[in-house]
Amino acid sequence: MVKGLKKLPKHIGFIIDGNGRWAKERGQTRSMGHKAGFRNLERIIKECFYTYGIPVVSIYAFSTENWNRPQKEVDYLMQLFRQCINEEFRDKYPNVRLNIMGDHTRLDKDLSDACAKVMVETKDITEFTLNLGINYSGKAELTYAFNQMAEEGLKNITAEDIDNHLYTKGQPPLDFCVRTSGENRLSNFMLWQIAYAELYFPEVHWPAFNKRDLYTALKVYQGRDRRFGAIKE
C-alpha cells in the first residue's frame with residue numbers, strides 16, 4: 001500500500017492534452033507549452049514508476065494526425081523527443097524498458113535510429129515499461145497487427161493472436177486512462193487495450209498536472225468497481 005492507496009493499476013495511460021491552452025492562458029507560445037509539458041512528463045513518469053511502482057506507463061505523445069500541425073510546431077516537438085530519447089535515457093529512467101508505439105521509421109533518421117537503439121538497449125528490462133506513442137494511433141496499430149497476421153497466414157484469428165501482434169505484446173491491458181485538459185474523448189488511443197480501462201478526465205492542463213493531481217487520480221481509481229461484465233454477489 002502506497003500513501004493510503006490499496007489498489008493501483010498495473011498499466012496506466014496518459015493522453016497529455018492541453019499544452020497549447022496552458023501556454024495561451026499565460027501569454028506564451030505553443031512551443032513553450034510543449035516544453036513545459038515535456039518537463040512535466042518526466043516528473044509524472046518517475047512518480048508512477050518510483051513512487052507508486054506502477055509497472056507499465058503508456059503516453060500518447062504524438063499521434064498520426066499530429067503531422068497536420070504547422071511544420072514549425074512539429075519540428076519543435078521532434079526536437080523535444082530527441083532530448084528525451086538519447087544517451088541519457090538510462091540515467092533518467094533506471095530499470096525502465098522503452099517501447100515506442102507507432103511507426104518510428106517515419107521520423108527523421110537520427111531520431112528513428114535513437115528510438116531503435118534505446119529499445120534494443122533496454123529490451124531485457126522487466127521491472128518497468130514505458131510505452132511512448134510517437135506517430136501512433138489505435139487504428140493504425142490494429143491495421144499493423146492485422147497485416148502482420150495476414151503475412152503469417154493466420155486464420156480463425158483470436159483475441160490472443162491480436163494481443164500478440166500489437167506494440168504492447170506481452171503487457172497487461174490498460175487499467176486506467178487519464179486525459180488531461182477536460183476533453184472527454186479517447187482520440188484514437190490504444191483502442192484494443194483500453195476495452196475495460198477506467199477513464200478519468202481532469203480539467204487541469206497537462207503542464208499543470210502535478211504529483212497531487214496524480215494522487216487524486218489514483219484515489220479516483222480506488223473507488224471504481226471493476227466488474228469486467230460480471231455481477232458481484
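The following legends describe close-up views of one predicted model. Residues are numbered from 1 along each chain as its sequence is written, and side-chain values use heavy atoms, with hydrogens and water left out. Because the model is predicted, local features need pLDDT of at least 70 and side-chain atom pairs count only at pLDDT 80 or more, whereas totals for chains, interfaces and linings use all residues.

**View 1. An open sheet is formed by 6 strands.** The order of the strands is β3-β4-β2-β1-β5-β6, and their pairing is parallel. Strands (E, at least two residues) and helices (H or I, at least four residues) are DSSP runs, numbered from the N terminus; two strands pair if DSSP finds at least two bridges between them. β3 (96-101) and β6 (198-200) are the edge strands, each pairing on one side only. On average, neighbouring strands of this sheet are turned by 20° against each other, direction ignored. Strands of a sheet pair through backbone hydrogen bonds, either parallel or antiparallel.

**View 2. Strand β1 is joined to strand β5.** Between β1 (residues 11-15) and β5 (residues 176-179), which run parallel, there are 4 bridges. The bridge partner of I12 in β5 is F176.

**View 3. Helix α3 lies across β2 and β4.** The helix covers residues 71-84, and the strands are β2 (56-63) and β4 (128-136). Helix α3 runs at about 150° to β2; axes are lines fitted to C-alpha atoms, for helices over the stretch in contact (heavy atoms within 4.5 Å), and angles run from 0 to 180 degrees between N-to-C directions.

**View 4. The largest pocket has a volume of about 440 Å³.** A pocket is an open set of points on a 1 Å grid over the protein atoms alone, where a 1.4 Å probe fits, with protein on both sides within 12 Å along at least five of seven lines; lining residues have an atom within 4 Å of a point. Grid points are joined across faces, edges and corners, and the volume is the space filled by probe spheres set on the points. Of the 22 lining residues, I16, D17, N66, R69 and R179 are the closest to the centre of this pocket. β2 gives the most to the lining, with 4 residues.

**View 5. R106 is found in the loop between β3 and α5 (109-122).** Not counting residues up to four places away in sequence, R106 touches W67 and N135. The C-alpha atoms of R106 and D75 are separated by 13 Å, and these residues are 31 residues apart along the chain.

**View 6. F49 and F128 form a tilted aromatic pair.** The structure holds 17 aromatic pairs, in which rings of Phe, Tyr and Trp (its six-membered ring) have centres within 6.5 Å; planes under 30 degrees apart count as stacked, over 60 as edge-to-face and the rest as tilted. The ring centres of F49 and F128 are 4.9 Å apart and their planes stand at 40°, so the pair is tilted. Because F49 lies in helix α2 and F128 in strand β4, the pair ties together parts that are 79 residues apart in sequence.
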